[in-house]
Structures are given as structure tokens and as C-alpha cells.
Amino acid sequence: MNIRQQQLQAVTRRHFLAQGSTGIGSIALGAMLAENNSAAANTPEQTDTPPFRIPGKAKHVIFLHMAGSPPQQEFFDYKPELVKRNMQPCPDSFLKGRGFPFIKGHPKMLGTPYKFKQYGEGGTWMSELLPNFQKVADDVAVIKSMHTDQFNHAPAQLFLYTGAPRFGGASMGSWITYGLGSENKNLPGFMVLLSGGSDPSGGKSLWGSGFLPSVYQGVQCRTSGDPILYVSNPKGINREVRRRSLDALKKLNEFELKQFGNPETLTRINQYELAFRMQMSVPEAVDLSSETKTTHELYGTTGGTASFANNCLLARRMVERGVRFIQLFDYGWDMHGTGKGNDLITAVPNKAKDIDRPLYALITDLKQRGLLDETLIVWSGEFGRTSMNEARNGSTFLGRDHHPHCYTIWMAGGGIKGGVSYGETDELGYFVAEKKASVRDLQSTILHLTGLDARKMKVPYQGLDQRLIGPADEDHLLEGVLA
């Protein structure tokens, strides 16, 4: 077999697209050659601003995901009528023609056991579970009218972050770093931090690059051992030897790139070089011991643990160092009420205590450092929780089933109007009553705030112009929360 036949056998559809003048390979090459990644999506031949770039207010995004989905009724969506009807039979209209993952029979309504008050000049409703976060009520916009079409964890998380409820899509963080690049060539543009003892249900696909070049995938950072797996030198290999080996490997990869033009070869070259630089930059970036005692007290951080508080402080440090998208997942919010580990009386207050001070600290710390106006913070689950008690298999613990019809999130920082509440649910907190907001709307709004037009930002793949918001123009900006 001759070399030409071998080359043809190695060509895939992705390789074919990459060799086009506007293909993925050209875009990736532009990203690698740009010394200042502010024009990361330009090809080498294209120096004008790409059509999907628009003026943006947020240079960085911190997305705080409560994996499992917190019950909105216990935190932000106060419903006095639901409290009044506590343990009364659920209205038939809520049940007819609808199924639930775990609720069986005719459930009873469940009012929150926690007290609510209005806080800040905007009069934002919050529960007693968030005594510290209440102090920054005028910095956040609470959106009570979110809804989704997914009611299982993994599909709902995938839909939120990749725009599709199945594996294979590019994550939000990948889209944003693909469009904007990173401000620090020594750190990844997209970093991921986990707490709560487990990965989210959607797994690592929630920060995967999908059909985008893998240079844009999220890099998971750990709090024990190597901060990033395999970034340290193997035993017996010093930095000088590592440099010589990378130089030799780079020559081989450049030869392969010239022969086959595979954009992933270019990614491989860049990632090896980034890993070499990260050996010096990452340990410094994640070293919380350099923070003051006052800062540690503000966040409530503890050394050497994968806590939500530690991750919030790490997120602030990454923003300072130019990381574009920081994604925090906190596991353990699936409050079904099957036992004390996931009920409203014991588990919810424990989880609320874990996040209350760090959330307040993150906003306060960014604000006092002059970084809040250029950093967008989003707090969310993947769906909502029911207004009825689940009582699975006769459980006497209080809990709520999955609920796609409405849930609550909040946003703060870059481009967000603080002290506002957007949208409303009905008197029992079951359906959206005003200003319905979809996952597509949220995705489009986040991209808009970072300076990206969600409808124009697309990549050809499998016969479609792939977009985070999907193929149809179903998105609308959440104008009511924009400053």
C-alpha cells in the first residue's frame, strides 16, 4: 500500500472539514497563533472581528452548580398559600396527565418549614437558611421562572451545559473559551472544581469540548495530590529533561501535522506546552496558604479538603489570573426525603450552611477587589423540586421530587442588575405564572454578557451548524436582569 492510500484511509469527516478555509482546523490554528487570545476565534487570514463577537460586560464566568437541584421553596420562592395548604391533598389538576419520577398515588402539598423575609432595597425574598447571603441581596438578580424539558439529572445537566440532553455536545465553558480565548497563556481558559464527594450525574461531558477542538475542554483541578493529573514530571525526570523530550516530541507532531493536517495534532502540541508551563503556574494559583487570615475567615475555608468554600476562594484566584470560565459543581442536593441524608429538616440546612458564607464571601471579595463588574456569577441546579411531599415508599421524612416546570436561579456581577426578582410562579409554586425563562434563554443571556452572539456563533458538524442554543431560534435575552 502506498503512502497516498494510507493518507486517504486516515481521513475522516472531521479531517475533511478541518482542511476547508473556514474549517475547525483554521479556527483552532488561529487560536494557537494568537499571542493575545482576545481574538481567539479568528483564522490566520482573518483579522477582523468575527461576526459572533459583540460588546460584552463580563470577562469571566463563575458557574456555581448545585448538582441534584436544590428545592427552590426552601430558599427563594416563598409561597404563603403553599404553607397554608401544608399536608393537604394535592389538586387533581396538578396530577392529571402528568407523571413523576418517584411520586406515587395522590400526594400531599408541602409548604416550607422555614421562615422568609425580604432583604435589601429590592425586597428580595430569602429564607432563614441563608443568613450571610442575605447581606448581598442587592447584588443579585433572582430568576424564579426558569423551566426545562428534562426531569432526570444527567439529561437535564447536559441540556443546560451543552444544549442537548445527550452526550456529544460542546459545553458552555468550551464555547466561551473557543469564542474568547484565555487571558493567561500559562493556565487553561476553562477550569472545573468539584465538592460534595462525587462527580455530577452528567459526568465529565459537562465540561467536555464535544466537536470543538479538545484544547477548549475544561480542566479539572483537585485539592489533594497533584492539582491537575499528570502535570508533574515522572520520577527521575527533571524540568530540563522534560523540556528536551517535549522539543523532540514537538518536531514529530509538527511533521504529522504537515502530513495530515489533523487539528487535534495542533491541539496536542499546544497542550503539551501548556502542561509544561502549568507546572510552574498551577501550584501558585491553587496555593490557598498565601491568602490572609481575614480572607480565610471570610470564606470559612479549611486546609486540604475539597470543600465548596475552598473552591469559591480558588475561583476568585482563577479570575484574578485570567481564567475565562470557572465551573464549580457541589454534589448532594437531590432532596427526595427518603432519609436524614436527603430530607428538608436535616440535609437541606446542612447543605445551606456549606454554601451560605462562601457565596456571600465570593461576591463581597470580588466586589472589594474591583472584579465583580467584570465577572458573571451564576447559581443554579438542573431543574426544580415539586410542591408536594414525595413520601417514597411511605417515608416519613420530608422531601421533594424532580420538577421541570419551574425552578429558581440567581445571577450577579458583570452586566447584571442587582436587587431584582425576575418572573413568578403560581400561588402554589407549581407552574410559571409570569416571564417564563427557558434554558435556551439563560444560555443566550450568558453568551451575550460575555460578548458572544448565541445565534451567530456556530460550527459545522454532522450536517448542521451546531450552536449552544440549538438549531432553532428559540432563545430570548432575559432583558429584565440586564444592567
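Predicted model: local features only at pLDDT ≥ 70, side-chain atom pairs only at ≥ 80, totals over all residues.
Elsewhere, the structure holds 19 aromatic pairs, one cavity of 30 Å³ or more and a largest nonpolar core of 52 residues.

- Asn393 sits in the loop between strand S9 (384-385) and strand S10 (402-403).
- Gln462 is another non-glycine residue with a positive phi, again about 55 degrees.
- You'll find Gln462 in the loop between strand S16 (459-461) and S17, and its 51% relative accessibility makes it count as exposed.
- For context, most residues other than glycine have a negative phi.

**Aromatic pairs**

- The structure holds 19 aromatic pairs; Tyr178 and Tyr216 make an edge-to-face one, because their planes are at 90 degrees, with the ring centres 5.5 Å apart.
- That pair links distant parts of the chain, 38 residues apart: Tyr178 belongs to helix H6 (residues 172-180), while Tyr216 is in the loop between strand S5 (190-195) and strand S6 (219-221).
- Tyr178 counts as buried at 2% relative accessibility, and Tyr216 is buried with a relative accessible area of 6%.
- Phe190 and Phe325 form an edge-to-face pair too, at 5.2 Å centre to centre and 85 degrees between the planes.
- Phe190 lies in strand S5 and Phe325 in strand S7 (residues 325-331), so this pair ties together parts that are 135 residues apart in sequence.
- Both Phe190 and Phe325 are buried.

**Clusters and charges over rings**

- One aromatic cluster brings together Phe75, Phe76, Phe133, Trp333, Trp379 and Trp410.
- Arg392 has its charged end over the ring of Phe102, 3.7 Å from the ring's centre.
- Lys135 has its charged end over the ring of Tyr360, 5.2 Å from the centre.

**Nonpolar core**

- Within the largest nonpolar core, 52 residues in size, Leu64, Phe133 and Trp410 have the most contacts.
- Elements giving two or more residues to this core include strand S1 (60-67), strand S4 (140-147), S5, helix H10 (308-320) and S7.
- Also on that list are helix H11 (347-368), strand S8 (375-380) and strand S11 (407-413).
- H11 gives the most to this core, with 10 residues.
- Phe133 turns up both in this core and in the aromatic cluster, as does Trp410.

**Cavity**

- The largest cavity has a volume of about 50 Å³.
- Its lining is Pro70, Pro71, Gln72, Phe75, Phe76, Trp379, Gly381, Phe383, Tyr407 and Thr408.
- By type, the lining of the largest cavity splits into seven nonpolar and three polar residues, with no charged ones.
- Phe75, Phe76 and Trp379 line this cavity and also belong to the aromatic cluster.

**Second largest pocket**

- The second largest pocket has a volume of about 450 Å³.
- It is lined by 25 residues, with Ala164, Arg166, Gly169, Phe211 and Gln466 lying nearest its centre.
- Helix H5 (153-162) and strand S17 (464-466) each supply at least two residues of this pocket's lining.
- The largest share of that lining comes from S17, with three residues.
- The second largest pocket's lining divides into 10 nonpolar, nine polar and six charged residues.

Methods: Residues numbered from 1 in each chain as written. Heavy atoms only, no water. Phe/Tyr/Trp six-rings, centres within 6.5 Å; stacked < 30°, edge-to-face > 60°. Helix = DSSP H or I, 4+ residues; strand = E, 2+ residues; numbered from the N terminus. Buried < 20%, exposed > 50% of the residue type's maximum accessible area, 1.4 Å probe, protein only. Lys NZ or Arg CZ within 6 Å of the ring centre and 35° of its normal. 1 Å grid on protein atoms, 1.4 Å probe; cavity = no way out; pocket = protein on both sides within 12 Å on 5 of 7 lines; lining within 4 Å. Points joined across faces, edges and corners; volume = space filled by probe spheres on them. Nonpolar A, V, L, I, M, F, W, Y, C, P; charged D, E, K, R; others polar. Core = buried A, V, L, I, M, F, W, Y, C linked by side-chain atoms within 4.5 Å.
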